[in-house]
Amino acid sequence: MKKSCLGFAVCSVIFFLVSLYSADAADKTLRIIGWEGYMDASVTEEFTKRTGYNVVATYCGTSDEMYAKIKAGGGQTYDLVTASGDLTRRLFDAGLIAPIDLTKVPNYKNLFPLFQNAPYNTFDGKNYGVSIAWGPDLLIYDPEQVTDTEASTWMTFFDPKFKGLVSVNDYSIFLADIKLWFKGPKDLFKIDKAELQNDIKPKLFPLKQQIRKFWTSQGELAQLFEGKEIALAWGWPVTLTTLEKDGFKVKATVPKEGTTGWSDSWMLIKGSPNSAIALEWMNYMLEGEAQKKMAAVSGYWPVSKEIVPLLNEQEKTAYHIGDLDAYFKTIHFWETVPNLDQWDALWNEFKSQ
Amino acid sequence: MSAALSFTAVEHQRRGKGFWATFLPPFLWMAGFYLVPLAVLLSLAFQKHEYVHIIQEFTWENFATALSPAYRPALIRTLYVASAVTLVDMVIALPAAYFLAFHAGRWKTLLTVLILLPLWSSYLVRVFAWRIILGKAGILNWVLIKAGILDAPSPMFVYNLFSMGLTLCYIWLPFMILPLVTAFERLPRNLLEASSDLGADGFATFRRVTLPLVMPGLLAGSLSVFSLTSGDYLTPALIGGPGDSLVGNIIAGQFGVASNYPLGSAISALVLAVLFVLMAILAKKRVLESF
Amino acid sequence: MRQSRTTKWILGFYTLGVFLFMHIPLAVIVLFSFSDKRVLALPIRGWTLDWYRQMLEDERLYTGLFNSLKVASTATLLATFLGTLGAFAVMRWKFFGRNVFRSAVVIPILLPGIVTGVAMLSFFGTAGIPLGLATVIIGHATFGFPVVFNMVNARLARLPRSLEEASADLGATPAQTFRRVIFPSIRSAIIAGALLAFTLSFDEIVVTIFLTGKDNTLPMEIYSRLRFGMTPEINAAVTAILTASAVLVLLSTWFSRKA
């Protein structure tokens, strides 16, 4: 047995030599860190065909995860990030992103006015982001187990009938949702330590026994539904399109308490060696066709006027093209949480109680 | 290289070039790539984290936070889960390793390879395999329903402390069996024969002679399993229940999600303290040399 | 004797049970790599080799595999070099702090990988060293080093000194003694240590997650795919690696028997 290891030693030495002497292929890749749904093959194929650059995606389940990875890896590791409203300011404050030269993104002017120079990606009068898409946090449910009436309120999450059948994202931003459900939509992202302990905690903790599993990726959430492990969840439209593709029926709704949501931007990581191609990608993603493909895969709502002629009436309604400005106001968009460490502590306490 | 080593009978007294040539490379590597990083980690534990900045200002606050109700349950859970997993693996591994060393005969090589085999597949995929086995739509439920024991798929096998413990026992078992097999193999057979010649029955021989002799191997395996379990965070995340985070999850969360390096460092420092105490106890028993 | 035979049978069955426990998950992985459904659940209705075809056409899996081999072989070489030297230093010379050194060397395998990972992450961050395969290699070599050290150290401890003395008495130079007497008797320990270090590095993920940059090792590639759920394609890849390593080991056992 011991002698037999010689074979292995020899093999590993050979692999080592091979790896040393084989030159790395020319590195033409655009490296994006971000949410699932934006870097699907149907969208990236055309870009690769045009530019010769492959798009390599690193997916994260929360904004915090993106922040930690960018902080550790920087521009050496990633060129672009898909940053939601709770991340954009933080990246700017930490000095991790670079301003964007809009002359290299001619399609910027085709953004719906709402998304131009938006407050969540414009800092000190400079543009640091280009919008990608937006959308709501939804109540997703399995119609075989949950009725439409039950799904019309977030309070169903606390219904003893669904004990052990609920899933929410493992993400402390969820505390803002708890505030919204119980205290209404004021100052959702400014919750200090006292309010966390006195107001949020007592409402949040009963949810624990209802939860089957915290999901960390939309694929995981989809599999929880498919395996009938859960009946209802707090989630994003991309899970709906994924399940639809697999032929599994779920429904989604915005309950009567209203909901939180996000508006995402491409941001350029400081120190990225591929900034020119990164700007080209931002520009490409605002083209009508690209927006249409992205929306189809992710279920997220488009931001560019160029998509409008490509849509049928049903799609226009679904993407809120007609009532954009009015509907946009009804969603409580994620914002930077200044005392994130305290939110995180409560979230951990909730998880491990 | 070999010229620098002088192998004569007296080099225990004299140290020359040979000593420095053999001692310095491993020493410098250890110091530069292990001890210095640990020192950096420890120094972070005493600094302040605020929003996106680390403030270089001495504070004990991180340790207070680490022991607050937000993080304490995970620390305590880690202690008992890791102890339980170690004990269960001990019970599983002892008889099997004994059999392998003494009764496996010509199958021994094959069986040893079979113990290593799981390590050549993917750790992640092996954890996931248990999800396929234990899930609501899983193999176990399917078998139980086919056998008429269950009427409907039961959710009780997965996403809880049981499934996490089972998977941890499974994943780290080879690290208990391997040092035990080695320890049993090194036993002087004539000693065991002498014991039975002197009239001791099988169990008495095992308890009085065999067990004390394999104790260093057993403790070495236990320390490995305990440490591997208490540092694991992917198994709890993949197959544990919604609240079953271990200390590894908390540390990974502070570094990989919350970006609160100082708090993560403080929690790591607590883990280090516990393990150093364990090691100090075991070092007395010469366990550290039997890995 | 009767009792001991009964004991032996009981032990045998117990061991069989243990081996079943260790290998049923592997069997599950292999089984589902041939299932024609995407969902990993029983019953399996049809069989297919499609997942293997998909795996063979999957460039990112190759890249991951290649990176893993690169990391594991480099880290193993470093670990073997450092571990063997360290074991010699400890066995051959008395020096101040020798016992501390011997105990300290094994710390990297005793401390949880995550602590090693975050400590190195903080260190590389502070020192401004960019993360990448090089930092992964440093991490893996650091825990591979004690693995080799322990194996060689244990073997050297049992090597009778009279052997060297005899060699010296017979007029061999120290170099000759090393080459002809010492090295042959510790060779298998070095190889066994290197093999274990390679095995641990090849499948390592806990440390790798924190130290890797833009390049993924195979376990990292699998990890990033698990986000979308487990697919039979990953099962196929793992089955292929499992088969390859088993065949390699069996072949080398066979050759060493013949030799």
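1. Two residues are taken to be in contact if their C-beta atoms, placed from the backbone, lie within 7 Å. With that in mind, and remembering throughout that this is a predicted model, one may begin with chain A, where 77% of the contacts between residues at least 6 apart in sequence join residues at least 24 apart. The secondary structure of this chain consists of 13 helices and 13 strands. Its radius of gyration is 22 Å, which is close to the 20 Å that the globule rule gives for 353 residues, so chain A is as compact as a globular protein of that length. The C-alpha atoms of chain A occupy a box of roughly 65 × 65 × 45 Å along the principal axes, and 54% of the 353 residues are buried.

2. Chain B can be described in the same terms, with 13 helices and two strands. For its 291 residues the globule rule gives 19 Å, but the radius of gyration is 24 Å, well over that value, so chain B is more spread out than a compact globule. Its C-alpha atoms fill a box of roughly 70 × 65 × 35 Å, again along the principal axes. Buried residues account for 49% of the 291 in chain B, while 69% of the contacts between residues at least 6 apart in sequence join residues at least 24 apart.

3. Within chain A, helix 4, which covers residues 85-93, is mostly covered, as eight of its nine residues are buried. Among these buried residues are Asp86(A), Arg89(A) and Arg90(A), along with Leu87(A), Leu91(A) and Phe92(A). After helix 4 of chain A comes Gly95(A), which has a positive phi, near 70°.

4. A helix pair in chain A also deserves attention: helix 5 (residues 174-183) and helix 6 (residues 193-204) pack at an angle of about 90°, with their axes 10 Å apart. An angle from 65 to 115 degrees counts as roughly perpendicular, and these two helices of chain A are therefore roughly perpendicular to each other. On the side of helix 5 of chain A the contact involves Leu175(A), Ile178(A), Lys179(A), Phe182(A) and Lys183(A), which meet Asp199(A), Ile200(A), Lys203(A) and Leu204(A) of helix 6 of chain A. By class, the residues of this contact are five nonpolar, no polar and four charged.

5. In chain B, which helix is largely enclosed by the rest of the structure? Helix 12 of chain B, residues 247-256, has ten of its ten residues buried, so it is largely enclosed in this way. The buried residues include Val247(B), Asn249(B), Gln254(B) and Phe255(B), as well as Gly248(B), Gly253(B) and Gly256(B).

6. Helix 12 of chain B packs against helix 13 of chain B (residues 261-284) at an angle of about 155°, the axes being 8 Å apart. That angle makes the two helices of chain B roughly antiparallel, and helix 12 of chain B passes helix 13 of chain B in a left-handed crossing. From helix 12 of chain B, Val247(B), Ile250(B), Ile251(B), Gln254(B) and Phe255(B) take part, and they meet Tyr261(B), Leu263(B), Gly264(B), Ile267(B), Ser268(B) and Val271(B) of helix 13 of chain B. The contact between these helices of chain B has eight nonpolar, three polar and no charged residues.

7. Lastly, the contact between chains C and B takes 81 residues from chain C and 79 residues from chain B. On the side of chain C that touches chain B, helix 1 of chain C (residues 2-32) supplies the largest share, 17 residues. That side of chain C divides by class into 57 nonpolar, 17 polar and seven charged residues.

Note on methods: Residues are numbered from 1 along each chain as its sequence is written. Chains are lettered from A and ligands numbered from 1 in the order in which they are written. This is a predicted model: local features need pLDDT of at least 70, side-chain atom pairs count only at pLDDT 80 or more; totals for chains, interfaces and linings use all residues. Helices (H or I, at least four residues) and strands (E, at least two) are DSSP runs, numbered from the N terminus. The radius of gyration is taken over C-alpha atoms; the globule rule is 2.2 Å times the number of residues to the power 0.38. A residue is buried if 20 or more other C-beta atoms lie within 10 Å of its own, exposed if 12 or fewer, and partly exposed in between; C-beta atoms are placed from the backbone. Ala, Val, Leu, Ile, Met, Phe, Trp, Tyr, Cys and Pro count as nonpolar, Asp, Glu, Lys and Arg as charged, and the others, Gly among them, as polar. Axes are lines fitted to C-alpha atoms, for helices over the stretch in contact, and angles run from 0 to 180 degrees between N-to-C directions. Angles under 35 degrees count as roughly parallel, over 145 as roughly antiparallel, 65 to 115 as roughly perpendicular and the rest as oblique. A crossing is left-handed if the near helix is turned anticlockwise from the far one by less than a right angle, and right-handed if clockwise.
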